[in-house]
Amino acid sequence: MYELTKRMMDIILSLIATILLSPLLLVISILIKLDSKGPILFKQKRNGKNNKFFYIYKFRSMRTDTPNVSTELLGDPTLFITKLGLFIRKTSIDELPQLFNILKGDMSIVGPRPALYNQLDLIKMRSELNVDLVQPGLTGFAQVKGRDMISDTEKVGFDKYYVNNMCLNLDIKIIVWTFIRVLKSDGIRVK
């Protein structure tokens, strides 16, 4: 029952958010085109439920020649971030196109953040603890507990906690905590 309710909540909330945010999505799309060369959306291979790969959508916040690795492996990510990219990353606006991933069924609103296809250690740790059996999320327990500022081991621990305690009440708490973290720009590594 929880999974069906969660999926219905994902569809309804994503549709509402997409409609309400469509003017912002349009403005950001135009600004990205004006700010730098390249596509508006950034498509990246990620690890999903049952370790199946899918392509996640984001607003492009970095130059097109940026290496395809996690932010912490870039050294100084500001060398690759566009002028507008700094703002959209800090405000998490770059994540909004993932509403389409949620509607497609690749992701949920709440769940472990999907690992990059080449984050093999993270994927292995998650698989060993059955975290890979859960739909990845736009936000998750590890996101509200530290996001880019915690180690992979800590992330997996928070992911496992979520998997063991999944319920609508926890999902709602994570959504509320996410809004608070985004408003404060907590846990985001842009420098």
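Phe 141 has a relative accessibility of 9% and therefore counts as buried, where buried means under 20% relative accessible area, exposed over 50%, and partly exposed in between (1.4 Å probe, protein chains only). This is a predicted model, in which local features need pLDDT of at least 70 and side-chain atom pairs count only at pLDDT 80 or more, while totals for chains, interfaces and linings use all residues. Residues are numbered from 1 along each chain as its sequence is written, and side-chain values use heavy atoms, with hydrogens and water left out.

Phe 141, Phe 158, Tyr 161 and Trp 177 form one aromatic cluster; rings of Phe, Tyr and Trp (its six-membered ring) pair if their centres lie within 6.5 Å, and planes under 30 degrees apart count as stacked, over 60 as edge-to-face and the rest as tilted. By this rule there are three aromatic pairs. Phe 141 and Phe 158 make an edge-to-face pair, with 5.6 Å from centre to centre and 80° between the planes. This pair links distant parts of the chain, since Phe 141 belongs to helix α5 (residues 141-145) and Phe 158, 17 residues apart from it, to helix α6 (residues 152-165); helices (H or I, at least four residues) are DSSP runs, numbered from the N terminus. Phe 158 is partly exposed because its relative accessible area is 24%.

Phe 141 also pairs with Trp 177 in a tilted arrangement, 6.3 Å centre to centre and with 45° between the planes, and this pair joins helix α5 to helix α7 across 36 residues. With 34% relative accessibility, Trp 177 counts as partly exposed. The charged end of Lys 145 sits over the ring of Trp 177, 5.9 Å from its centre, the criterion being that NZ of Lys or CZ of Arg is within 6 Å of the ring centre and within 35 degrees of the ring normal.

Helix α7 (residues 168-184) in turn packs with helix α1 (residues 2-35) at an angle of about 30°, their axes being 11 Å apart; axes are lines fitted to C-alpha atoms, for helices over the stretch in contact, and angles run from 0 to 180 degrees between N-to-C directions. The two helices α1 and α7 are therefore roughly parallel to each other, a term for angles under 35 degrees. Tyr 2, Thr 5, Lys 6 and Met 9 in α1 meet Leu 168, Asp 171 and Ile 175 in α7, contact meaning heavy atoms within 4.5 Å.

Terms used. Angles under 35 degrees count as roughly parallel, over 145 as roughly antiparallel, 65 to 115 as roughly perpendicular and the rest as oblique.
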